[in-house]
Amino acid sequence: MAKKKLTHVDAAGRPAMVDVSGKALTAREAVAECRLRFPPAVASALRKGGMKTAKGAVMDTAIIAGTMAVKRTHELIPFCHPLPIEGCRFDLAWSSESVLRIECAVRTTHRTGVEMEALTGATVAALTVYDMCKALSHAIVIGPARLLAKRGGKRDVGKARA
């Protein structure tokens, strides 16, 4: 097995953006998730209230914020390339009585992948849910956030999507 090395440093160990100009354009997709754990009473209140708070529709606002974050990831993460986002989808659902799961899937056709965009979208959506619900409790826990899958490029990671 070849020794793995960091890609965002040059030969002298200084920060550097990866040069992707020699890579082929390929279809790429990444899927990430972030979870929020609510105190049981807060989760119950949110469900009874149709996922609305005094600030508005929690799920809809989280999707909008997450989508905005996906499109601006290159402005937030120093070595991310600006990418033409061709698709962005969110799925928000309760995975248990008190855990909300946010999944973000991002697609592009480019020389580099969209893992960071998917992770950024999922986590910013989670931060938005926290912001909209913090009046109910500051005991909401965000995380973990993780990459579930990526397709395209040198190697695929995670389970294939249906």
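Helices here are DSSP runs of H or I with at least four residues, strands are E runs of at least two, and both are numbered from the N terminus. This is a predicted model, in which local features need pLDDT of at least 70 and side-chain atom pairs count only at pLDDT 80 or more, while totals for chains, interfaces and linings use all residues. Residues are numbered from 1 along each chain as its sequence is written, and side-chain values use heavy atoms, with hydrogens and water left out.

Back to α1: Val-42, Ala-43 and Leu-46 are its buried residues. Looking down the axis of α1, these buried residues fall within an arc of 100° (taken from the directions from the helix axis to the C-beta atoms), so they line one face of the helix. The cover over them includes β2, β4 and α4, where contact means heavy atoms within 4.5 Å. Just after α1 comes Gly-50, with a positive phi of about 65°. Met-51 sits in the loop between α1 (40-48) and β2, and has a positive phi of about 60° although it is not a glycine. Most residues other than glycine have a negative phi, and most peptide bonds are trans. Met-51 is also buried, at a relative accessible area of 8%.

Now for α2, which runs over residues 58-71. Its 14 residues reach 20 Å from the first C-alpha to the last, close to the 20 Å expected at 1.5 Å a residue, the expected span being 1.5 Å times one less than the number of residues. Val-58, Met-59, Ala-62, Ala-65, Gly-66, Ala-69 and Val-70 are buried in α2. They fall within an arc of 140° seen down the axis of α2, so they line one face of the helix. An α-helix has 3.6 residues a turn, so residues three or four places apart point the same way. On the other side of α2, Ile-64 and Lys-71 are exposed. Among the partners that the buried residues of α2 pack against are β4 (87-94), β5 (99-110) and α4 (115-133).

How do α2 and α4 meet, and at what angle do they pack? The angle is about 145°, with the axes 7 Å apart; axes are lines fitted to C-alpha atoms, for helices over the stretch in contact, and angles run from 0 to 180 degrees between N-to-C directions. The residues making this contact include Val-58 and Ala-62 of α2, and Val-124 and Cys-133 of α4.

Cys-133 of α4 counts as buried, at 0% relative accessibility. Leaving aside its neighbours within four places in sequence, Cys-133 touches Phe-38, Leu-46, Thr-53, Val-58 and Ile-140. That list takes in Leu-46, a buried residue of α1, and Val-58, a buried residue of α2.

Zooming out, the protein has four helices and seven strands, in the order β-α-β-β-α-α-β-β-α-β-β along the sequence. Of its 162 residues, 36% count as buried. Among contacts between residues at least 6 apart in sequence, 71% join residues at least 24 apart.

Notes. Buried < 20%, exposed > 50% of the residue type's maximum accessible area, 1.4 Å probe, protein only.
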